[in-house]
Amino acid sequence: MTRPRADLLSARGVRAPEGPLAQRPFLRETVRYGAAPAALVLLLTTALAGAGLALPWALGRTLDLLLGDDRAAAGPWLALCAALTGATILLGALDGLVTAVANARTTAWIRDRVLRHVLATGPRAALPEGDLVARLVGNAAQAGPVPATLAATLAAVITPVGGLVALALTDGWSALALLAGMPVLALLLKVFVRASGDAGAAYLRAQGEIAGRLTEAVEGARTIAAADAAERDAARILAPLPELSRQGYRMWRVTGRSTAQAAALLPLLQLAVLAVAGLRLADGALSVGGMLAAWRYAVLATGTGALVGQLNALVRGRAATDRLAEALAPPAMTYGTRQLPEGAGALEFRSMSTGPLRQVDLYVPGGAVAAVVGRSGSGKTALAAVAGRLADPDRGTVLVDGVPLPELSRDALRREVGHAFARPALLGATVGGTIAFGVGEPGPDEVRAAARAACADEFVRRLPLGYDTPCAEAPMSGGEAQRLGLARAFAHCGRLLILDDATSSLDSATELKVSRALLDELTPGTRLIVAHRVTTAARADLVVWLDGGGVRALAPHAELWRLPEYRAVFAEEAA
Ligand SMILES: Nc1ncnc2c1ncn2[C@@H]1O[C@H](COP(=O)(O)OP(=O)(O)OP(=O)(O)O)[C@@H](O)[C@H]1O
């Protein structure tokens with residue numbers, strides 16, 4: 001069984017999509033999912049921007065009235081100023097609440113969507129577990145806010161654009177003074193978005209690589225300790241750290257430079273507006289209140305701080321959706337609608353190629369026990385995986401009782417074809433739940449019968465709560481875990497049962513008992529048993545001998561045993 005390593009990712013051609021929204025289907029899908037709450041965010045932030053834009057106008061009028069003869073007339077305007085300020089506070093709070101809920105909802109949807117896809121892809125998922133976890137946890141949290149941020153960015157554009165329009169309405173000359181400096185501001189924003197986007201994507205890539213390597217190390221902790229390689233492995237895990245640091249500094253440099261440039265440019269622009277408005281006041285073309293409004297509008301029109309923040313979040317969110325889209329890249333397995341006809345589980349491979357195996361044609365009669373043998377790396381696990389459609393072959397077809405596996409309904413496939421592995425994952429909450437885990441939950445009696453057949457009943461009953469013992473409280477040896485995995489497969493036994501090295505940790509006596517149960521106690525059907533032991537091969541009806549990228553022979557063990565090369569397969573395994 002092979003898993004991708006973090007450093008093999010680039011070799012697998014996993015790369016972020018490039019280009020605009022149209023070429024980023026997952027980004028589009030995310031935006032579509034979060035559209036409804038984002039529309040509410042847009043409404044609130046637009047109202048917020050509207051209140052912000054109305055305030056300078058109301059303040060200007062109030063000031064002019066207070067400076068004039070009819071001060072009493074300023075009362076309602078003063079009340080309007082208070083109302084606009086109150087509305088700003090209320091809308092801001094509501095916006096915060098709706099945005100937080102929308103972001104959490106979209107983040108949860110992204111995690112669900114990506115995880116479901118990864119599970120539907122099967123064992124050939126493109127990413128190492130640690131990297132995938134980093135993407136599901138960190139990147140999903142950055143991608144979730146994209147729809148609401150997009151809405152808030154639109155509203156963040158309203159304030160400067162509205163400020164400019166309102167300034168033009170208040171005083172055209174002051175607006176022209178501001179417009180003269182605007183191209184520089186637009187250029188600054190464009191450079192910022194591009195530079196921070198590149199740095200952000202590279203940062204996330206390095207972060208994912210470290211996470212992937214760390215998970216590998218946690219899994220291989222015993223090997224690392226035995227090899228006294230902790231320091232060497234720490235260096236391997238942290239190898240992408242300089243790149244992470246470089247990209248982190250680059251992001252800060254881009255943000256810092258943009259902030260400094262904006263800090264230098266914006267007061268200059270506001271000062272230019274104030275100077276022109278002052279001249280217009282001196283000419284009598286503008287009132288004092290008008291000048292106050294012009295200055296406030298100049299501040300709003302140049303107030304790109306919020307916009308920069310939103311753009312920054314959008315750029316990070318876009319890079320995060322790109323990384324999540326990589327997890328969605330391998331196609332999910334699709335299923336047909338057919339059921340299996342009457343039959344005993346005849347298994348057939350037609351011109352099938354997968355892994356090291358090329359153009360395999362093989363027929364295992366229904367009800368036969370077939371042992372799959374061959375040297376290490378000859379493709380036994382690869383054959384077992386396609387036989388039960390854990391993966392599809394690169395080429396050719398696999399059929400059970402004459403039906404190509406992709407045409408079977410998902411339910412029929414998983415009901416009729418069972419698997420047990422060398423290192424089974426114990427996925428139930430309790431030991432009994434682990435055995436029952438799968439299609440059509442078997443009852444307690446069936447669970448016990450399966451455990452007995454797999455020689456697991458005795459040690460399970462010795463656990464503090466027997467079958468109800470939580471898995472976390474039942475540390476197990478490799479052989480015990482294997483017996484639970486076998487019991488799980490037995491409890492769901494259909495017409496084809498595939499054991500991939502699933503008895504390798506059992507002692508010979510237990511393995512013999514399990515083999516007998518396999519023949520006598522379970523639903524009759526075909527058994528495909530990946531075997532390293534000569535005794536397993538000897539007990540099988542037929543041996544599928546894999547060698548040199550194909551099936552070297554399909555014959556009973558006794559017949560093959562005459563061949564020195566066949567005997568050498570077991571000599572190698574025993575060595
Ligand atoms: N779908 C695949 N695509 C590419 N390579 C594959 C695929 N499946 C398996 N391989 C490669 O083929 C080789 C054989 O793998 P496999 O696990 O089937 O061997 P095996 O006979 O079960 O070995 P062992 O007895 O050591 O467990 C390995 O190098 C593996 O990485």
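Modeller: Happy to! Keep in mind that this is a predicted model. Let's begin at the ligand: the largest share of the shell around the ligand, three residues, comes from helix 12 (residues 380-387).

Colleague: Which residues come nearest to the ligand?

Modeller: The shell holds 13 residues, and those that come nearest are Gly-355, Ser-376, Lys-380, Thr-381 and Ala-382.

Colleague: What does helix 12 lie across?

Modeller: Helix 12 lies across strand 1, strand 2 and strand 4 (395-400), and runs at about 125° to strand 1.

Colleague: How should I read a sheet, then?

Modeller: The general idea is that strands of a sheet pair through backbone hydrogen bonds, either parallel or antiparallel. In this model, four strands make an open sheet with antiparallel pairing, in the order 2-1-4-5. Strand 2 (357-364) and strand 5 (403-404) are the edge strands, each pairing on one side only.

Colleague: How many bridges link strand 1 and strand 2?

Modeller: Strand 1 (residues 347-354) and strand 2 pair over five bridges, in the antiparallel sense. To see it by eye, find Met-352, which stands opposite Val-360 in strand 2.

Colleague: Now a single residue. Is Leu-499 buried or exposed?

Modeller: For that we count C-beta neighbours, and 20 or more within 10 Å makes a residue buried. Leu-499 has 27 inside 10 Å, so Leu-499 counts as buried. You will find Leu-499 in strand 7 (residues 496-500).

Colleague: Which residues is Leu-499 in contact with, leaving aside its neighbours within four places in sequence?

Modeller: Those contacts are Ala-420, Arg-527, Ile-529 and Val-530.

Colleague: Let's zoom out. What does the secondary structure of the chain come to?

Modeller: The chain has 21 helices and 10 strands. Its radius of gyration is 34 Å, well over the 25 Å that the globule rule gives for 575 residues, so the chain is more spread out than a compact globule. Along the principal axes, its C-alpha atoms fill a box of roughly 115 × 45 × 45 Å.

Colleague: And what share of the residues is buried?

Modeller: Buried residues make up 40% of the 575. As for contacts with a separation of 6 or more, 80% are between residues 24 or more positions apart.

Terms used
Residues are numbered from 1 along each chain as its sequence is written. This is a predicted model: local features need pLDDT of at least 70, side-chain atom pairs count only at pLDDT 80 or more; totals for chains, interfaces and linings use all residues. Helices (H or I, at least four residues) and strands (E, at least two) are DSSP runs, numbered from the N terminus. The radius of gyration is taken over C-alpha atoms; the globule rule is 2.2 Å times the number of residues to the power 0.38. A residue is buried if 20 or more other C-beta atoms lie within 10 Å of its own, exposed if 12 or fewer, and partly exposed in between; C-beta atoms are placed from the backbone. Two residues are in contact if their C-beta atoms, placed from the backbone, lie within 7 Å. A residue is near a molecule or strand if its C-beta atom, placed from the backbone, lies within 6 Å of it. Two strands pair if DSSP finds at least two bridges between them. Axes are lines fitted to C-alpha atoms, for helices over the stretch in contact, and angles run from 0 to 180 degrees between N-to-C directions.
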